[in-house]
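Here's a quick briefing to read with the fold open in your viewer. Have a look at the model, then work down the topics below.

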Amino acid sequence: METYAIIDESGFPIVRIRFTGNKSTDQNFQTYLAQTKACYRFSKRLAIIFDASKAGIPSLSHQKMQADWLRENKELMINYCAGTAYIIPNAAIRALLKVIFSFQKQPVPYQIFEIEPEAEAWVQSLVLK
């Protein structure tokens, strides 16, 4: 199975999720969602940087799975996620994010950035509060 996203918790409380550019499949997308939920296992405050620099556009069914995940994990995010930063240099992917959020609103503060240093500075400001 080709990995859809790589999750790096080594800088906790800042978690980095980098999309690989591999095509989404039911299996790798479910794995990505499960690994994302696992970031909350410590019940501690965190912030997430989603690096979509290499992201492809997931299928509509996977976009819906992402929206469902947001709805199902809303309380978990509200309780433990200070915010999410998205690194999205691609305009089509930025538009896709808006589609996903139209299915289900993002329950925590978020910002969209084109480059990583801006995203890093923003999440640092959240976790240092």
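**Quick tour of the chain**

Proline 13 sits in the loop between strand 1 (5-8) and strand 2; helices (H or I, at least four residues) and strands (E, at least two) are DSSP runs, numbered from the N terminus. The peptide bond that joins phenylalanine 12 to proline 13 is cis, with omega at about 20°. Keep in mind that this is a predicted model: local features need pLDDT of at least 70, side-chain atom pairs count only at pLDDT 80 or more, and totals for chains, interfaces and linings use all residues. Residues are numbered from 1 along each chain as its sequence is written, and side-chain values use heavy atoms, with hydrogens and water left out.

**Overall build**

- The chain has 5 helices and 5 strands, and from the N terminus on they run β-β-α-β-α-α-β-α-β-α.
- Its radius of gyration is 13 Å, close to the 14 Å that the globule rule gives for 129 residues, so the chain is as compact as a globular protein of that length. That radius is taken over C-alpha atoms, and the rule is 2.2 Å times the number of residues to the power 0.38.
- Along the principal axes, the C-alpha atoms fill a box of roughly 35 × 30 × 30 Å.
- Of the 129 residues, 43% count as buried (buried means under 20% relative accessible area, exposed over 50%, partly exposed in between; 1.4 Å probe, protein chains only).
- Among contacts (heavy atoms within 4.5 Å) between residues at least 6 apart in sequence, 77% join residues at least 24 apart.

**Surface and charge**

- The accessible surface comes to about 6,900 Å², with 55% of that belonging to carbon and sulfur atoms. Areas come from the Shrake-Rupley method with a 1.4 Å probe; for residues, only the protein chains shown count as cover.
- There are 15 positive and 12 negative side chains, and the centres of the two sets lie 5 Å apart. Lys and Arg count as positive and Asp and Glu as negative, while His and the chain ends are not counted; each charge is placed at NZ of Lys, CZ of Arg, CG of Asp or CD of Glu.

**The nonpolar cores**

- In soluble globular proteins, nonpolar side chains tend to be buried together.
- The largest nonpolar core has 28 residues, and Ile17, Phe19, Tyr32, Tyr40, Ile48, Phe50 and Met77 touch the most other members. A core here is a set of buried Ala, Val, Leu, Ile, Met, Phe, Trp, Tyr and Cys residues joined through side-chain atoms within 4.5 Å.
- Two or more residues of this core come from each of strand 2 (14-19), helix 1 (26-38), strand 3 (46-51), helix 2 (60-72), strand 4 (81-87) and helix 4 (91-103). Helix 4 gives the most, with 5 residues.
- There's also a second, separate core of 11 residues, which includes Ile14, Ile49, Ile87 and Val123.
- Leaving out residues up to four places away in sequence, methionine 77 touches Tyr40, Trp69, Leu70, Gln106, Pro107 and Val108.

- Isoleucine 87 is in strand 4 and counts as buried at 2% relative accessibility. Beyond four places in sequence, its contacts include Ile49, Phe50, Phe113, Ile115 and Ala119.
- Setting aside neighbours within four places, isoleucine 93 is in contact with Ala52, Ala55, Gly56, Ile57 and Ile88.

- Serine 43 lies in the loop between helix 1 and strand 3. Its phi is near 55°, a positive value in a residue other than glycine, and serine 43 is partly exposed, with a relative accessible area of 42%.
- Arginine 41 is also in the loop between helix 1 and strand 3, and is partly exposed at 48% relative accessible area.
- Threonine 20, in the loop between strand 2 and helix 1, counts as partly exposed at 24% relative accessibility.
- Which residues does threonine 20 touch, not counting those up to four places away in sequence? They are Thr3, Tyr4, Ala5, Ile6 and Lys54.
- Threonine 20 and lysine 54 are 34 residues apart along the chain, and their C-alpha atoms are separated by 5.9 Å.
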